[in-house]
Amino acid sequence: MEAEDAIQAAVPNGTQQAAPETPCHNGFQLPLGPKTSGTLGRHLARRLVQVGVRDVFSVPGDFNLTLLDHLIAEPELNLVGCCNELNAGYAADGYARAKGVGACVVTFTVGGLSVINAIAGAYSENLPVICIAGGPNSNDYGTNRILHHTIGLPDFSQELRCFQTTVVNNLDDAHEQIDTAISTALKESKPVYISISCNLPGIPHPNFRREPVPFFLAPKSVENALSCGKMMDSCLVLPLSYTLALLGLLLTVTAQDISTMIRCGQRSIIFLINNGGYTIEVEIHDGPYNVIKNWNYSGLVDAIHNGDGKCWTTKVRTEDELTDAIATALQKNDSLCFIDVIVHRDDTSKELLEWGSRVAAANSRPPNPQ
């Protein structure tokens, strides 16, 4: 088989414990029985573990709920529920930077289209992100039925046209399609998109072994240096205690998932560089469009915290206040710490000033004579 030819198999050192007959997650008993070991859902979960994924970032939707049950049933996977699909995609992006490969799970069309900007970013920066979508029932393909999550047309391909997609809507070759997609992500260091029909994850099939032959294929080396902007996008999954995340204006996009960080017990230190607008654009070409309505960011985080979990926030305006805040944050090793650093809109480096002038000059060049 093509997928198996691309993967060097390694014999397992031991027998993996089967998932419990009634797995429990957040107090919920999942409707899975012992047959889950020979299913598509089990196969996908074990594949993710084998390539190094331990946290999967997800947003539930009715087309992926059964698949999520099977991912939760895998004891070596931790399902992290995010507030929206874009944040889940950025979280998988950040995880791939830190760990070598990341994964997220969304639902049909509304989820797939929402996550696309994050996946496009992962593509441009050569990150192996495995994006999995729960798709329509396999019997609905080719029927011209109008389903929810579509735009009111009998067309299931809106999101598929945006991705080079693996669509799994039958069990006979599902294992090959999944293995090919995942191995391609690792070998090419690019994101892949796998759509799995909602009625397939729990059906036993002889092509799925209790313990899939593991991949012997490591992710490519991933650059560990993050730009401030991308570090902001990926702030949800900073994997180490005391990781310093420098955030900019775009917190307004991803602020919701600070709630996920608190719920999951993240102990990161987040610095919000609060300059009231788009400073880079200011240095290129200033105008009223570069000014935004400033938020009370630390107050917002306090409201998200709401006394549930461990979180500490503060505002600083001077170097001495910042030094004191960092010292306090380093002592709070059981909390998420958020430091709102208020700076002047023109508080920037000499290099940025020079770069802005060069960009402005390049952008304003007149057309060449025809």
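Phe-63 is buried, at 8% relative accessibility. The cut-off for buried is under 20% relative accessible area, so Phe-63 falls within it. The model described here is predicted.

The ring of Phe-63 pairs with that of Phe-108. Their centres are 5.4 Å apart and their planes stand at 85°, so this pair is edge-to-face. Phe-63 sits in the loop between strand 3 and helix 3 (65–72). Phe-108 sits in the loop between strand 5 (102–107) and helix 5 (110–114). The pair therefore ties together parts that are 45 residues apart in sequence. Phe-108 is buried too, with 3% relative accessibility.

## Aromatic pairs

How many aromatic pairs does a search of the whole structure find? The search finds three. One of them joins Phe-57 and Tyr-95. Their centres lie 5.9 Å apart, with 65° between the planes, and the pair is edge-to-face.

Phe-57 belongs to strand 3 (residues 55–58), and Tyr-95 belongs to helix 4 (residues 85–99). The two are 38 residues apart in sequence, so their pairing ties together separate parts of the chain. Phe-57 is buried, at 3% relative accessible area. Tyr-95 is buried as well, at 4%.

## Helix 3

Is helix 3 largely enclosed or largely exposed? Six of its eight residues are buried, so the rest of the structure largely encloses helix 3. The buried residues are Leu-67, Leu-68, Asp-69, His-70, Leu-71 and Ile-72.

## Strand 4 and Phe-57

Asn-78 lies in strand 4 (residues 78–81). Its relative accessibility is 36%, so Asn-78 counts as partly exposed. Phe-57, by contrast, is buried. Along the chain, Asn-78 and Phe-57 are 21 residues apart.

## A charged patch on the surface

Which residues gather in a patch of negative charge on the surface? They are Glu-319, Asp-320, Glu-321 and Asp-324.

Asp-324 is part of helix 13, which spans residues 319–331. Why does Asp-324 count as exposed? Its relative accessibility is 51%. The cut-off for exposed is over 50%, so Asp-324 passes it.

Methods:
Residues numbered from 1 in each chain as written. Predicted model: local features only at pLDDT ≥ 70, side-chain atom pairs only at ≥ 80, totals over all residues. Heavy atoms only, no water. Patch = residues over 30% accessible without salt bridge, like charges linked within 9 Å, V, L, I, M, F, W, Y side chains within 5 Å. Areas by Shrake-Rupley, 256 points an atom, 1.4 Å probe, with all protein chains shown as cover. Salt bridge = Lys/Arg side-chain N within 4 Å of Asp/Glu carboxyl O. Lys, Arg positive; Asp, Glu negative; His and termini not counted. Charge placed at Lys NZ, Arg CZ, Asp CG, Glu CD. Helix = DSSP H or I, 4+ residues; strand = E, 2+ residues; numbered from the N terminus. Buried < 20%, exposed > 50% of the residue type's maximum accessible area, 1.4 Å probe, protein only. Phe/Tyr/Trp six-rings, centres within 6.5 Å; stacked < 30°, edge-to-face > 60°.
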